[in-house]
Structures are given as C-alpha cells and as structure tokens.
Amino acid sequence: MVQCAEAVLKNAGSVGPLELFQQMGFLQSFHIEAWRKGNEQYPSLRQWIQVGQEKFQKTIKHFLEWAEERNLRPIEATYARRGPRGVEELRVTEDGDPEWEKFYRTHYAPADLPQKKTARLAEKLSKPPDLVVFEKVSEEGNCSECGAELQKGSFLVMEKGHPLCLSCADMDQLVYLPAGDAAMSRRARKHSALSAVVVRFNRSRKRYERQGLLVSEAALARAEDECAADAPARAAARAQAAVAREAEDREFVQALTKAIRERFPGCPPEEAGEIASHTGRRSSGCVGRSAAGRALDPQAIDLAVTAHIRHVHTNYDKILMGGTERLDARALVREKIESVREEWRGG
C-alpha cells in the first residue's frame, strides 16, 4: 500500500483512494473511464473495487495512517462528467452516503505545497474530463432520440449508453478542427464556451485515437487570427525548444548508458551506448521512454538489455521471419539470452 501510494503521489502530486486502488490493482482503469463517461452500467463505482471487505478496511486504515505520518494536506475535490446538457456530479457509492463520498473525494498532497499550487491542484482534480464525440466507424446505427441514420464518418455523442446525433445533443452549431496544430487547438478550445474532443476507434490497435476538436465558429476564427499574428515568434520558440530537447536527450542517453554499465559491467561500452540510444529515443515507444525508463528503473534497464540481446546476439529475427510464432520464437532463444545476460552481469 505504501509503495503504491508513494508512486501515485510522486507521479500525480497528490493521491486519493480511487487512484490508490487503481495502482494496487483493486480497480481497473476501464471501469473508471466508463463511470466518468456516464455509462448507464456505472451509476456508481464502489461495486467495481475488487477486493475483500477485510482487506478493503485494512487498506483504508493504513492509507489514512500513512497520510498522517507523511503530514500530507487533505484536498477535497469532486468527481464530475461533462455531458451535452452540462456538468453532472458523479457518486462513488450506490446510496450516495455523504461520509463515504467525502472520503473518496479527499486527496492528499504535500503540506509544504504553496497556496497557489494547492488551489491549481484542487481545480485540476475537480475538472470534469473533456466532452467526447465519436467518429462513427461502422455503417449501421441510428440516433436514439430522433431516429436519424448515423452514417459512417458522422459524429455522435454517447449519453448513458445511447447514441445521439449532434443535433439532438445540442452540438450541431460547432465546427470541426482537425488535430495537427497544437496552438490553434489550444486557443480555439480556450475561446469556445462549448467544445468536445473527437475520437475514432482504431480497430488494428484496439483503442480510441484523437482526431480533433469541435469548437464554435467564433472561437475558431479568433484562434486563427491569434495564430497568424504570432507565427514568427512561435517558430523561433519551437526551434529553441528543439535545441533544448536535443541537449536533454543527450544527457538522458549518457545517464542510461552509465546505468546499463553499472548493472551489466560485462556489457561492451559500445553496445551499452547502442542500447541507450535506441531505447531512449524520444517518441520511440521503447521502454527507455517510459516513466520507469526515465527514472532508470532496474527492471526497465533489464528489459532494454534483454531486447537488445534477443535481436543482436540470437537468431530470433531469422526464426520470426521463418514463420514461427512470437512466443515460440522467444522460447527458442531464451537460454541464449540468459547466457549472455549472466556473462554481462559478471563483468
């Protein structure tokens, strides 16, 4: 419990019961997402916390004791969702018990956090998630309110599990702004009283991916004027930021190379550098760019070294190209990988 609470506090700046339960594996993220979106199967969340009553009570007791020992400051926030017809407060318990609801809403942050940062944190915790509009990827479907056919590529809103066209969701006055220009998106959303994030389901990756925004016409026009006015200044800032990122990446690769050599003294220096450069490449999706990798976590380093050995010191790639299933191919080279790892560990 303490390890999980400390991890959440370090990463998020505060920790509440729901975030703790999620970190401990008692509560799955997809349950929280469905609850925040107002799915009709999730009128409350308590029943989805998968842990026995005794363990549940012990966890709460230790959590509150830990917060007191760490001298953390309680910050009460709210859980809410955005809907087409406004912001709706959510409840965690089935009966809306005031004491339990307060317990779940209370987050804990460092006591030495400045007042302004505390206020910003409380505002952030209470901010409802973005209103989400879905781009339809299937051919069939109708609006549950007016019955209009929802064609592939059209936008729809899910309200308590039922699809609504933009007209019935009172959002047909908004215009679509495709993703791609961060400054334009940020400013258009800032100036639009009503806005929504547009997502589309990627079947190959099995996840929703952001496509753009729906904003008011006036907000988009104002954002376009502002972006045109300061385009040269933003271009200069981007160039400056790119130089800073390059310097930061070099420092990170050097630190990662050193950490690899400390954990695997027998690893040739040039190979340690190759591993660090590859796995630490920005936007690569490799383990080195994960939170654990950036923190030089030993397990993340082990994964990066293992991946390098698999591809460079075994015939794994050739086996894969021959048509062998991935897991079977990994099993065939496991002994060789462990042999190289032990040699590198020994120095």
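**Notebook: a first walk through the chain**

**Entry 1: Y108.** I started at Y108, which sits in strand β4, residues 106–110. I kept in mind that this is a predicted model. Is Y108 buried or exposed? I found a relative accessible area of 13% for Y108, and the limit for buried is under 20%, so Y108 is buried. Next I looked up what touches Y108, skipping its neighbours within four places in sequence. The list includes L9, G13, S14 and V15, then F63, L64 and A67, and also L72, R73 and P74. I also checked Y108 against A255: they are 147 residues apart in sequence, and their C-alpha atoms are 32 Å apart in space.

**Entry 2: the whole chain.** I stepped back for an overview. I counted 14 helices and 10 strands in the chain. The C-alpha atoms fill a box of roughly 70 × 50 × 45 Å along the principal axes. The chain has 347 residues, and 38% of them count as buried. I then took the contacts between residues at least 6 apart in sequence, and 59% of these join residues at least 24 apart. The accessible surface comes to about 20600 Å², with 50% of it belonging to carbon and sulfur atoms. For charges, I noted 53 positive and 51 negative side chains, and the centres of the two sets lie 3 Å apart.

**Entry 3: aromatic rings.** How many aromatic pairs does a search of the whole structure find? The search gave me 12. I looked at F21 and F56, whose ring centres are 5.7 Å apart with planes at 40°, so this pair is tilted. F21 belongs to helix α2 (residues 17–24) and F56 to helix α4 (residues 53–69), so the pair ties together parts that are 35 residues apart in sequence. Both partners turned out to be buried: F21 has a relative accessible area of 2%, and F56 is also listed at 2%.

I then turned to F201 and Y208, an edge-to-face pair with 5.1 Å from centre to centre and 65° between the planes. Here I found F201 partly exposed, at 31% relative accessible area, and Y208 partly exposed at 48%. Going back to F21 and F56, I saw that ring pairs link them with F26, W100, F103 and Y104 into a cluster.

**Entry 4: positive phi angles.** For N71, phi is near 55°. N71 is in the loop between α4 and β1 (72–76). At 53% relative accessibility, N71 passes the mark of over 50%, so I put N71 down as exposed. K206 has a phi of about 55°, again positive in a residue that is not a glycine. The place of K206 is the loop between β9 (196–202) and β10. K206 is exposed too, with a relative accessible area of 69%.

**Entry 5: S216.** Where is S216? I found S216 in the loop between β10 (207–215) and α8 (217–229). The side chain of S216 reaches the backbone nitrogen of A219 at 3.2 Å. Leaving out neighbours within four places in sequence, I listed L174, V175, S192 and L194 as the contacts of S216.

How values were computed. Residues are numbered from 1 along each chain as its sequence is written. This is a predicted model: local features need pLDDT of at least 70, side-chain atom pairs count only at pLDDT 80 or more; totals for chains, interfaces and linings use all residues. Side-chain values use heavy atoms; hydrogens and water are left out. Helices (H or I, at least four residues) and strands (E, at least two) are DSSP runs, numbered from the N terminus. Buried means under 20% relative accessible area, exposed over 50%, partly exposed in between (1.4 Å probe, protein chains only). Contact means heavy atoms within 4.5 Å. Accessible areas come from the Shrake-Rupley method with a 1.4 Å probe; for residues, only the protein chains shown count as cover. Lys and Arg count as positive and Asp and Glu as negative; His and the chain ends are not counted. The place of a charge is taken as NZ of Lys, CZ of Arg, CG of Asp or CD of Glu. A polar contact is a pair of N or O atoms within 3.5 Å; within protein, one must be able to donate a hydrogen and the other to accept it, and residues adjacent in sequence count only if both atoms are side-chain atoms. Rings of Phe, Tyr and Trp (its six-membered ring) pair if their centres lie within 6.5 Å; planes under 30 degrees apart count as stacked, over 60 as edge-to-face and the rest as tilted.
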